[in-house]
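Colleague: I am new to this one. Please put it on the screen, and I will ask as we go.

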Amino acid sequence: MATLFWFRNGLRVHDNRALLKALDYDLDEKTSCIRNADKKHSALVYPVYILEPDRLKSGLIGPNRVKYLQVKTCHCREAAVDKSAGDPLSKIPKLCADYKVNKLVFERDTDEYCRGRDENIKELMKKCHVQVETYSGHTLWDLDDIMDRSGGQLTKSYGPFVKLLEKMPQPQNRFPSIPTMQGTLDPHMATDPKYDLPNVEDYLQGKEPTTIHKGGESEGLRRLDNYLQDTTRTRVFRKPQTSPIDTHPASTTILSPFMKFGSLSCRTFWHRVNEVYKKGQHSAPPESLIGQLYWREFFYSQGEVALLIPWKGYNENKEDEEKFQAWAEGRTRYPWIDAVMHQLIKHGWMHQLARHCVACFLTRGQLFISWEKGAEVFHKYLLDADYNLNNGNWLWLSASAYYTTYFRVYSPTKFPQKYGKSDGAKFIRQFVPEVAKLPDLYIFEPWKAPPSVQKSSNCVLGKDYPHPIMDAENAKAENMEIMRICYEKKVHGNCSPKEYEDHMALFKIVLAKDYNQYGNGASNKAPRKGQINLETAMQQLAKRTQRQRENN
DNA sequence: TACACAGTTGGAATC
DNA sequence: CGATTCCAACTGTGT
């Protein structure tokens, strides 16, 4: 009889408890040692990775991340996998029958979609009389343990969450890599072409990957080694002090893509950093390196109900759609915003603060378009795209949950200058060639450049380079007012249908009255802080519902 | 129950 | 230039 090991995330052979279990090793959970490392194994294990066509469509996932699946994700020949393609619900039973499998093993997933899929698989396996074993491994702690420890009421704030984590036993130590695979895995793996790298050409749709970032387990471990070698940098790491405009090299670790695929174990990361911490004083959460791992843990543990904000982008409004597309493709003509979006599309990675700027711009800052639309774009292009972390951060930035100081808005022109005018300009030149020739003084706001400078820089506004899609200052003042009303009303996504309708009807009036007053393009008008009179709007709403009742 | 207090990473004006 | 203060006043948590 045989075991099927299903790789999904957790694409590694180091610290892989589920894989060791599939290989029938006797693990000491306290010390993370293998008790029977020398044991001769009789059962065969077939490792597989299933390319799911529905999830690899080009509209959902960009070429950079698709290509990542073609990198040797695990660094041992032994971990080569059968790369079947198809829907796991039909594929897994077929593989079980083909290989005469009586046991299926996989690492548990964390997101909604995958958990649902896995429940269906378990049901199916019951019918096929195949035993299913699953193990936690993608997070520092088993999420169920965190929930138990919190008494079922998990905090929505990071600080108390870390306090809770620090009361837990330390994250489990790393399991050793697989000691010897001889006679255990499918003996034909070395020669059988079905164990070659997966062919992802069909999913690239002719688009070539453009990222500079490499993938794979070896690369992840090498990057970690390399970063931790500078022990001072590791110990003093404070995220807000790192710079979003540094690219060669970046100011952070860029280990997130490896964490997303699980080609680097988060427990390996945790223990290795703590070994460095023993050498002297170090920073602390939320800003420290360990603090970053705890943010990840935080968003994985959360199930959040968002504040109800009347975002645009849900209805088929042509103007909104155009603005959204301009943002998504880096055509807002705010060079800093566009540069970051181009970095996303080209490289699949941006610094956290750069993500903040463009997310704020799309939502509560300027365009007031739904964070869900933005999250889709991020999910498509980010190498580290992860459902929980991506959505959690978008909720945060749009001030729909967790973060409430909505009046703190990133300036699309001033923010990149904080890191030095010339360095900020250098970043923009890398990604927005149209404005590259403008001097540092005007590159953040090309429309402010005198005509002679525009001409000599080959960047004449309205000719070589379009005007911005809207005036950022005006939009900000207007949006902040809508946000203020939302916070005043405090209606959340879990409200009753009646509350929902009233809330949205109110904003229909508010928006019709005060929105839509702005012309296109940047203007010289002073920022307007026109307060929307909520009371008047409410009275109008009452009158309207009264009229509707009478008509009925 | 009431109240104090902290909260990953803003911007503009002022000294 | 770097540091400090105000903006307007939110939520979740702890006492």
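Colleague: Where does aspartate 230 lie?

Modeller: This is a predicted model, where local features need pLDDT of at least 70, side-chain atom pairs count only at pLDDT 80 or more, and totals for chains, interfaces and linings use all residues. Residues are numbered from 1 along each chain as its sequence is written, chains are lettered from A and ligands numbered from 1 in the order in which they are written, and side-chain values use heavy atoms, with hydrogens and water left out. Helices (H or I, at least four residues) and strands (E, at least two) are DSSP runs, numbered from the N terminus. Aspartate 230 lies in the loop between helix 9 (217-229) and helix 10 (231-236).

Colleague: Is aspartate 230 buried, partly exposed or exposed?

Modeller: Buried means under 20% relative accessible area, exposed over 50%, and partly exposed in between (1.4 Å probe, protein chains only). Aspartate 230 has 35% relative accessibility, so it counts as partly exposed.

Colleague: And aspartate 15, buried or exposed?

Modeller: Aspartate 15 is found in the loop between strand 1 (2-7) and helix 1 (17-22). Its relative accessible area is 2%, so aspartate 15 is buried.

Colleague: Which backbone nitrogen lies 2.9 Å from a polar atom of the side chain of aspartate 15?

Modeller: Leave out residues up to four places away in sequence, and aspartate 15 touches several residues, including Asn173, Arg174 and Ser265 (contact means heavy atoms within 4.5 Å). A polar contact is a pair of N or O atoms within 3.5 Å; within protein, one must be able to donate a hydrogen and the other to accept it, and residues adjacent in sequence count only if both atoms are side-chain atoms. The backbone nitrogen at 2.9 Å belongs to phenylalanine 175.

Colleague: Which residue has a side-chain N or O atom 2.6 Å from a base oxygen of DNA strand C?

Modeller: Take the backbone of lysine 156 first: a polar atom there is 2.8 Å from a phosphate oxygen of DNA strand C. Serine 157 places a polar side-chain atom 3.4 Å from a sugar or linking oxygen. The base oxygen is 2.6 Å from the side chain of threonine 404.
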